[in-house]
Each structure stands twice: as C-alpha cells, then as structure tokens.
Amino acid sequence: VTPTFRRPQEVAGLFENLSAQRLLPVELVLVDGSPAGEDETEEVVKALAGSLPFPVRYIRHGGGTAIQRNVGIDQARGTFVALVDDDIRLEPDFLSNIVEWFDSDAEGRVGGILGYRTNQRVDPNVQTRWLWYRRLRFFDTYEPGRYNFTSGYPININLQEPFSGVREVDFITSGCAVWRREAFDEGLRFDLFFSDYGMLEDAHMALRAGRRWKLWQCGDARCVHLHSPRGRQPRRRIGFKSVVNYYYVFNDMVSPLTWRHKLRFWRFQAFEIFRVLSSAVRRRRMSDLDEVIGRIEGALAIARGGAFTKT
C-alpha cells in the first residue's frame with residue numbers, strides 16, 4: 001500500500017524497485033491524492049503497470065497519507081500488508097527477510113516489522129540537539145524506537161546503529177513497514193485526526209497496536225529513503241503539527257495527563273522553540289522562523305482547547 005501525491009517520477013521508480021524484489025508483492029495498491037485534473041501519476045500507471053510482474057490497483061483518494069493508507073488497507077488482499085512510501089527504495093531481499101521473521105514467530109504475536117533505512121542514521125553523539133536532550137534530561141529513555149511515556153516523545157528510530165536480526169520497539173514508522181493482516185482485520189487503522197498532513201500518525205497507530213501485538217525492527221531488511229522534495233508541507237505547518245500532533249498522541253497514550261506529564265511536555269516544547277529560534281537568528285533562515293511561528297500557534301491552539309476538534 002503506497003500513498004502518493006504529485007510524485008509521478010517517484011512512482012515510476014517504485015515500480016522498478018518492487019519489480020526487483022526476490023519475493024514479489026501480490027499486488028500494489030497505489031492511492032493517489034493528486035487533485036482532479038492532475039493526471040501525471042495516472043498516466044505513469046497506465047504506461048508501465050502492464051509490464052510489471054504484479055498487478056497495480058490505482059485509486060484516486062485525497063485526505064492526506066493517513067487517510068490514503070486507510071483506503072489502501074481496506075482494499076489490500078495480502079496475508080501481509082506492506083506500507084511502503086513512494087520515495088523508499090527497498091533492497092532486493094527486503095520483503096523476503098521480513099516474511100522470514102514473521103514465519104519465525106510461531107505464536108503469531110508480532111503484528112508489525114519495520115525495516116532499516118541505511119541513509120538516515122542520526123548519531124546522538126554528534127547531533128547537537130541530542131547532546132542537549134541528554135544534558136537537560138528531557139527523557140527517561142533514549143533507546144531508538146521507544147516511546148517516552150512521561151514526556152510524550154517518541155525516540156527517533158533513526159538513532160539506531162546498523163544491526164543484524166530483530167529488536168523489539170514501541171512503535172514503527174510507515175514508510176517501510178510490513179504488518180500482519182490480522183492486525184488490520186481487528187480494526188487497526190490510522191486515526192482520522194491525522195487527516196491532511198498527518199505527522200506522527202504512524203507512531204500513534206503502532207503504539208495502539210502495541211497494546212495487543214509485539215513490534216519489531218529488522219536490521220537486515222534495508223532500504224533507502226530518497227526524501228523527495230515534492231509534495232512537502234511548509235515549515236509553519238510542520239511547526240504547528242510538531243506541537244499539536246505530539247500532544248494528541250501523548251494524551252491518547254497516557255490519559256489522563258497529570259500536571260507532571262504536562263510540565264515535562266511543555267518544558268521540552270519550550271526548548272524546541274528556543275532551539276529553532278536560535279537557528280533562525282544564527283543562519284538567518286526564514287524557514288526556521290516560520291517553524292517557530294507554527295509551534296507557537298500550535299501551543300496557543302492547545303491552550304484555547306480548539307486543537308483537537310477534527311475527527
């Protein structure tokens with residue numbers, strides 16, 4: 001299942017990439033959020049789908065990646081459902097590696113397995129923000145893929161060093177993950193709150209799944225994230241979502257939030273505003289200032305109680 005938006009070139013590359021898998025997919029469900037009249041992606045599908053070693057089911061549906069993935073999940077017919085973004089490129093043994101690990105789970109307790117992005121490694125000993133996070137003791141855990149239930153922050157899974165085998169995590173992202181069909185048959189879906197630009201929707205769904213299923217990351221199922229610049233959101237919108245969406249997930253996972261929870265959450269958010277504002281002054285980048293404005297708007301929206309009216 002792949003959501004896409006104004007990325008015909010990336011879709012063509014995805015076709016080629018999936019065709020090279022040692023274990024071919026049963027089908028590709030491509031959910032195109034491009035508005036009416038923009039048919040470039042559909043034209044790519046018509047031109048290339050007939051030559052692929054698997055069928056492509058093309059669906060036009062907007063609403064953001066969370067909604068598009070839900071539409072694709074509803075239509076998917078495989079024993080496993082891979083959520084693969086259009087700008088992800090899987091190594092040839094990606095799907096076969098993950099299915100082998102599912103097969104090793106004799107009790108059927110693992111609901112989802114995430115791959116490993118080889119080009120997005122973040123070194124916490126080098127990146128300044130993570131050095132400060134530790135110095136200021138923002139989190140109780142710094143293990144990649146764990147969720148900090150006291151401050152409402154998911155520890156970046158890209159902090160994980162290269163490894164072999166699998167390891168258990170609290171959440172998995174959706175760009176290169178494979179889920180057991182039974183998890184979706186039980187009603188698991190992306191929350192409709194995350195319509196439009198759905199930052200953190202994948203971690204939220206995974207955290208909910210974690211109440212019932214084990215979640216793994218597989219270090220041998222490798223891929224590359226091209227991080228396409230097309231279809232991206234403005235920094236002000238990202239800043240807003242970086243506050244509102246994180247608070248929404250925190251409240252859902254830990255509710256009711258105590259004053260200590262809220263204090264730790266807002267202490268961290270205040271630091272993030274200071275950090276990005278410092279970057280805006282130092283680098284003289286208007287995009288950083290836009291993010292600061294968005295973060296402040298998100299905090300005000302939560303304070304006014306109007307941030308979570310969308311259902």
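Trainee: What makes Arg134 count as a charge over the ring of Tyr142?

Mentor: Arg134 lies over the face of Tyr142, at 4.3 Å from the ring centre. A charge of this kind has to be within 6 Å of the ring centre, so 4.3 Å meets that distance limit. Keep in mind that this is a predicted model.

Trainee: Where does the charged end of Arg212 sit?

Mentor: The charged end of Arg212 sits over the ring of Trp213, 4.0 Å from its centre. That value is also within the 6 Å limit.

Trainee: Let's turn to ring pairs. How many aromatic pairs does a search of the whole structure find?

Mentor: The search finds 28 aromatic pairs. Take Trp130 and Phe139: their ring centres are 6.2 Å apart and their planes meet at 50°. Centres must lie within 6.5 Å to pair, so these two qualify.

Trainee: How do you know whether Phe193 and Phe194 are buried or exposed?

Mentor: Buried means under 20% relative accessible area. Phe193 has 7%, so it is buried. Phe194 has 0% relative accessibility, so it counts as buried too.

Trainee: Which residues do ring pairs link into a cluster?

Mentor: The cluster includes Trp130 and Phe139, along with Tyr133, Phe138, Tyr142, Tyr153, Tyr246, Phe268 and Phe271. Tyr142 is also the residue whose ring face has Arg134 over it.

Trainee: Now for helix H8. Why is H8 called largely enclosed?

Mentor: Of its 20 residues, 14 are buried, so the rest of the structure largely encloses H8. This helix covers residues 235-254 and reaches 28 Å from its first C-alpha to its last, close to the 28 Å expected. H8 also has a kink of about 30°, centred on Lys241.

Trainee: One last topic. What lines the second largest pocket?

Mentor: The lining has 21 residues, and Pro25, Val26, Phe80, Ala82 and Leu95 lie nearest the pocket's centre. Strand S2 (28-32), strand S4 (80-84) and helix H4 (94-104) each give two or more residues to this lining. The largest share, four residues, comes from S4. The volume of this pocket is about 420 Å³.

Methods: Residues numbered from 1 in each chain as written. Predicted model: local features only at pLDDT ≥ 70, side-chain atom pairs only at ≥ 80, totals over all residues. Heavy atoms only, no water. Phe/Tyr/Trp six-rings, centres within 6.5 Å; stacked < 30°, edge-to-face > 60°. Buried < 20%, exposed > 50% of the residue type's maximum accessible area, 1.4 Å probe, protein only. Lys NZ or Arg CZ within 6 Å of the ring centre and 35° of its normal. Expected span 1.5 Å × (residues − 1). Bend = angle between axes of the 7 residues up to and from the residue. 1 Å grid on protein atoms, 1.4 Å probe; cavity = no way out; pocket = protein on both sides within 12 Å on 5 of 7 lines; lining within 4 Å. Points joined across faces, edges and corners; volume = space filled by probe spheres on them.
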